[in-house]
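Please walk me through a few local features of this protein.

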Amino acid sequence: MRLVIALLLAATSFPATAQTTTASQAPAPAPDGPVRGFTGADLFGLSIASDPQISPDGRTIVYVRRSGDVMIDRMVSSLWLIDVASGRQSPFATQGSSPRWSPDGTRVAYVATDGDRAQLFVRWIATGASARVTSLPGDPNALAWSPDGKRLAYIATVAGEGMKLGNAPPKPEGAKWAEPLEVIDRVNYRADGPGYIKPGYDHVFVVGADGGAARQLTFGRFDDGGPLSWTPDGQTIVFAAIRGAGAEREVMNSDVIALDANTGAMRTLTTRDGPDMGPRVSPDGSRIAWLGFDDMRRSNENNELYVGDRDAGAPRSVTAALDRSIEDAQWAGDGRSLIASYDDHGQRRVARIGMDGRTALLADNMWGGGLDRPYTGGDFSVSRGGVVAYTGGDASAPADVWVISGGKPRRLTDLNAVMRSAKALAPVRKLTVKAPDGRAIDAWIATPPNRVEGQRVPLILEIHGGPHTAYGPGFATDVQLYAAAGYAVVWANPRGSTSYGEEFANLIDKNYPSADYDDLIAAVDAAIADGTADPNNLFVTGGSGGGVLTAWIVGKTNRFKAAATQKPVINWISEALTMDNTMFTSRYWFRKLPWEDPMSYWARSPLSLVGNVKTPTLVVVGSEDYRTPVSESEQYYAALQIAGVPTALVKVPGASHGGIAARPSQAAGKASAIIAWFDRYRKRVATPLQ
């Protein structure tokens, strides 16, 4: 599929010092042989592993493999089996997701498309036969087998009726009229990705594992969420949801709920002010573990791992002393400890956590999730005997499947071996950075594959979003494409980043952007000081929170030759009133509502600094972004035009905030547009070596 990007070039003329190159204006000729450099076309050849589910006996793994399909311009998901002992792989399903083993290991339930909708399927391992067990209008998710293997619980959307006001006149037979009016009365009326929310809510269902009619167990104007966890006797399903009066105006105040699998009766097990989520019943049913925190109305809190009795009573945190946010936790097979994942210094780890809070590291190379930027991520599962399957990797390739058995991690797949052997990839190394206040800042730098030691090259500062997230030393297509174009790339975890503890993350609470700017500039200075970066060829880009900081940086300094702000927030007042999670920004990032204290919002808005901007700045956004809406980017583009700053607006058609790089052609096209913009202002004569 051909990429179409709406590129609105500025009427402002480019300065005479700009070095416009033919390469940035005309398509390169087709190569007549193999290309060693990483190119946009290589995105279609990548594969990435996710959601590895190990069988109860620990002998087999079923996982999701996402691979590029050049004909439909998408990453498509298929399911594969791995024999743990030998590493031998075999195809399981040509398309599918969310695989889950039956308790006896004889079957796998999974979700796959059948016609226009996703449905729930079960496949028998011994025979390879499969059967569809649902006929649903709503896509199933959060699959969970009952302990006896006879039932499957899942979450699905139940359509509802929207609010109605008035009536149109009678429509003549055969007439072609406009679509009827849409009346919106929900607090959260749209979501990034799905778009405008259709009337209806997510609820818990149970269906026989051999098929038959599904039974809805929960009801009401509430969204119920997974994961779902059965008690060993098969009588109760435990889940989390925000329910009760005023639920729509709560942002994160979910509770753990026990649901009778036969009658649908519910008991709320937790009631504090703050989220309780992701409950897991212990193998013997005597305890429940879950994630949560006390909501202090700060912009960041660590998820702590709690353990309570069978009714979540007498809860206690077993990770308070760890001072890291737990991403996921599952009971080890013996029920005496939990296996958990968390980020530490820009790297996701897998560890065993005892009931006394003692932590034993199992693996420090968990990786996975996206492809375009080096965010932390990854998935894992645990067998009945305690064998752990997880996705792991490094900067050389997207995530593969690994297993931890006998206390040692072992790699089972090498999905991108051909790409790695055929391509000259940018090497990645740690960069020592110290902030002006003396704090150590983690940073990494990638250099062009053909760079000669000691040669200074143009530098791109790549800034992560969130801002409460973390980058790490992982594979990223944007980084590889920038490096292949001759740029070094530096990325850092400035204050506000996760994986360094609550104190570090909350240094920017109610004060973002602020000193995180200094941390990022310190990373640039470190890249110059170590002889890599050409100080006269500096560039900056970032997405979401990184887009905010990009726009903030060019309002504070003219050091950078050009910038590309991607899906930024430009005006905190307009963002707070147009983003998809309506209540979030004003509740957690500011002390007062926009109309109560507008100047506090304005003081932290990059739009307030636009009068200072001299740096040529590209603005990039997905056309269906509802997190940092398109209007934010358009405001900044218009302001730059009015101010006479060289600019252009790039829109990625059909792309959401989280999906701006979901289509391979658009991911490649976006990176190419940024490189072309930087090439306009890049000095071709390098600074003499020092």
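Predicted model: local features only at pLDDT ≥ 70, side-chain atom pairs only at ≥ 80, totals over all residues.

Residues are numbered from 1 along each chain as its sequence is written, and side-chain values use heavy atoms, with hydrogens and water left out.

Q: Is helix H2 largely enclosed or open, and how many of its residues are buried?
A: Helices are DSSP runs of H or I with at least four residues, strands are E runs of at least two, and both are numbered from the N terminus. Buried means under 20% relative accessible area, exposed over 50%, and partly exposed in between (1.4 Å probe, protein chains only). The cover over the buried residues of H2 includes strand E33 (440-446), strand E36 (533-543) and H10. H2 is largely enclosed by the rest of the structure, because the buried count is 7 of the 8 residues.

Q: How are H2 and H10 oriented to each other?
A: H2 spans residues 477-484 and H10 spans residues 664-681; their axes are 10 Å apart and pack at about 40 degrees. Axes are lines fitted to C-alpha atoms, for helices over the stretch in contact, and angles run from 0 to 180 degrees between N-to-C directions. Under 35 degrees counts as roughly parallel, over 145 as roughly antiparallel, 65 to 115 as roughly perpendicular, and the rest as oblique. The two helices H2 and H10 are therefore oblique.

Q: Which residues of H10 meet H2?
A: Contact means heavy atoms within 4.5 Å. H2 brings Asp478, Leu481 and Tyr482 to this contact. On the H10 side are Lys670, Ala671, Ile674 and Ile675.

Q: Which side chain makes a polar contact with that of Asp400?
A: Asp400 sits in strand E30 (residues 397-405). Asp400 is buried, at 1% relative accessible area. A polar contact is a pair of N or O atoms within 3.5 Å; within protein, one must be able to donate a hydrogen and the other to accept it, and residues adjacent in sequence count only if both atoms are side-chain atoms. At 2.7 Å, the partner is Thr413.

Q: Which residue's backbone nitrogen lies 2.7 Å from a polar side-chain atom of Tyr375?
A: Tyr375 lies in the loop between strand E27 (359-366) and strand E28 (380-382). Tyr375 is partly exposed, at 22% relative accessibility. Beyond its neighbours within four places in sequence, its contacts include Trp367, His464 and Gly465. The backbone nitrogen in question belongs to Gly465.
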